[in-house]
Structures are given as structure tokens and as C-alpha cells.
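Here is a short report on one protein chain.

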Amino acid sequence: MFYEVRRLRLLRELAAHGTIAATAQACSLTPSAVSQQLSLLEREAGTPLLVRDGRRVVLTEAARVLVASTERVLEELERARAEVTALSGSVRGTVRLSSFPSAAVALAAPAIAACRAAHPDLRVQLDEREPEESVRGLRQHTCDVALVYEYNLLPRLPDEGVRLQRLLEEPLVAALPPGHEAPADGGPLALADLAREPWIAPHSDNALRTVLERACQQAGFEPRLDYASDDYTVIMSLVEAGLGVSLIPRLVAEPLSTDVRLCEVAGLRLTRRISVAARAGAARDPGVAAVAAALREAAELTDR
């Protein structure tokens, strides 16, 4: 019995999302279309794949076997496509790169410029997405390479069907108003020393906001969040105006610091790891390899 690869992909997405409706939304299909394709896959398999449990569906043992096999099949298909493309010996075509904003400034822009200079027949398209959305985009083939981040205080990104390569690991720094009583030698600052300060936090960046709250809790206090903004320029301006303190990744803070004092945090390991991600099996694709190499070079320059 042969299985339709598109239907196997749908089963994999259902395993990740848990409901027909969420799978349909993630794959830009209607729920009825997803149900129809999964019914055809059950017919191909000759055995039940799904059991309904209220609004959710539970995968049978046969379905779980198919999902595990699907990851290997898709990786081999991606590898075959990349190796066939590499036979041309040239770097051409279009690579879709997704990035979160601060990495787009520090890493994607110089990497794209380097690719344009070295490979004039390669077109790199850039859009902005947060890491979870980028990983979904790789799995669903709406992007080819992605810059993603992970905070050490939060769970790792799901990486089924995706390979992450570390580019750099940066500290989170405390952003303090000018004249704030920070260590005179520029050394690390204990978060506990900021327990009575008003805090400025991201509004929609739930990951960084959660890290800020957890870090303060580990330091023994609950932060008083007086201000929130999705614009890091606004956050730094509020800090500079003396209205509070914040906790921001160095890559974000340094270009915006002006008169704000930036101090590493003592006693707590607070880091953000930035990685380049691509579909498993895609490493030998000439365009993907060229973009990934340019991003590594940009990261090396940034990390000096």
C-alpha cells in the first residue's frame, strides 16, 4: 500500500495541533478538507488512525507509527531534493528567510547583503515571524530558513522535522536609568537590588515577559510591572526617563541604549540562544547552505 505524502503531512500536523480545526487553520485548509484527507489516509492504511475524544482526536498506535515514519520520509525527500538541486553546481533561485525583528537588524540584513554580493543569481526574501511561527513555516514550506531564539528559562522549541544550529548565545542585561546606583566597576548587578524598582516589560512578547517574571521570582521578589510596550525603543525611552528598569537581550538593548546603563545579572544564568533553523535534510541545498553560512559569519562578527 502506498501513502500520499500530503496526507501524511496532515496526520503529522494533527499530532502536533490536537484538533481538526487547529490543523486546518495551520495548513490553510477547511476542517472538512482535513477530515476528508485523513479519512482517505485511513483507507490507504486499512486501519483506524483516529479516535474522537470530545473536541479533540486521539491518534491510534498505527497513527503514531505513521507519524514517526513520516518525519523520516520527509527528511529523506528533503535531502533528495537538496542533493538534486546541488548537482547544478550553482547557487540560484529563491530562499525565503524568516526572522524575529532584532535578529533581522543584526544578522539577516548583513547576511542578505553578503549573499547578494557573492551569489547574484540567488534571491533572498525576508519576512518577520516569531520563533514558533517560523518553525511552523519551515514544516509547512512557507519559509526555507529561519532565525529563532530560545530562552534558557523556558522550554525548548519543538524541533520535529527541523534542525537548529546555534549561532550565538547572548546574556539578558538589566537596563537602568542614567545615574542609577549600579556597580561602579561595571560589574554584574543582583536582580534583588532592583526589587523595589518599577519594571518595564514587553506587552505581547510573552516569552521575554515570562523570563523577566521568573528571573525576579528566582531573585526572591515579584516585579511591579508599571509599564508595558511592544516597542523596544519605547521601553528604552521609559528607562532613560527614569521611570523604571527592564530586562532585555543584549542584541536588542545595545543599539538602543543611548544613556541607559546596561548591566549583566549576577547569580542567575539568563541567556537567549539564537539559532538558524532549516528543514531536516535541507542542509545540502545550495541556497539554504549559502544563507546559513552568511548568517554564521554575521553572528561571528556580532559576537566579537
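Aspartate 127 is partly exposed in this predicted model. Its relative accessible area is 29%, which means it falls between the 20% limit for buried and the 50% limit for exposed. Aspartate 127 pairs with arginine 129 in a salt bridge. Arginine 129 counts as buried, because its relative accessibility is 12% and the cut-off is under 20%.

Side chains of opposite charge can pair when their charged atoms come close. A search of the whole structure finds 25 salt bridges. Three of them are set out below.

| Arginine 12 | Glutamate 13 | 3.5 Å |

Arginine 12 and glutamate 13 are both buried. Arginine 64 is partly exposed, at 44% relative accessible area.

Which glutamates gather in a patch of negative charge on the surface? They are Glu128, Glu130, Glu132 and Glu133. Glutamate 130 lies in the loop between strand 4 (122-128) and helix 6 (131-139). Glutamate 130 is partly exposed, with 34% relative accessible area.

Now the interior. Nonpolar side chains tend to be buried together in soluble globular proteins. The largest nonpolar core here has 54 residues. Leu107, Leu147, Leu191, Trp199, Leu270, Ile274 and Leu295 have the most contacts inside it. Helix 10 (residues 286-302) supplies the largest share of this core, eight residues. Another core lies apart from it and has 15 residues, including Leu14, Leu41, Val57 and Ala63.

Serine 98 is found in strand 3 (residues 93-99). Is serine 98 buried or exposed? It is buried, because its relative accessible area is 0%. The C-alpha atoms of serine 98 and leucine 168 are separated by 17 Å. Along the chain, these two residues are 70 apart.

Finally, the whole chain. Its secondary structure comes to 10 helices and 12 strands. The C-alpha trace spans about 70 × 55 × 30 Å along its principal axes. Of its 304 residues, 46% count as buried.

Conventions: Residues are numbered from 1 along each chain as its sequence is written. This is a predicted model: local features need pLDDT of at least 70, side-chain atom pairs count only at pLDDT 80 or more; totals for chains, interfaces and linings use all residues. Side-chain values use heavy atoms; hydrogens and water are left out. Patches are made of residues with over 30% relative accessible area and no salt bridge: like charges are joined within 9 Å, nonpolar side chains (Val, Leu, Ile, Met, Phe, Trp, Tyr) within 5 Å. Accessible areas come from the Shrake-Rupley method with a 1.4 Å probe; for residues, only the protein chains shown count as cover. A salt bridge is a side-chain nitrogen of Lys or Arg within 4 Å of a carboxyl oxygen of Asp or Glu. Lys and Arg count as positive and Asp and Glu as negative; His and the chain ends are not counted. The place of a charge is taken as NZ of Lys, CZ of Arg, CG of Asp or CD of Glu. Helices (H or I, at least four residues) and strands (E, at least two) are DSSP runs, numbered from the N terminus. Buried means under 20% relative accessible area, exposed over 50%, partly exposed in between (1.4 Å probe, protein chains only). A nonpolar core is a set of buried Ala, Val, Leu, Ile, Met, Phe, Trp, Tyr and Cys residues joined through side-chain atoms within 4.5 Å.
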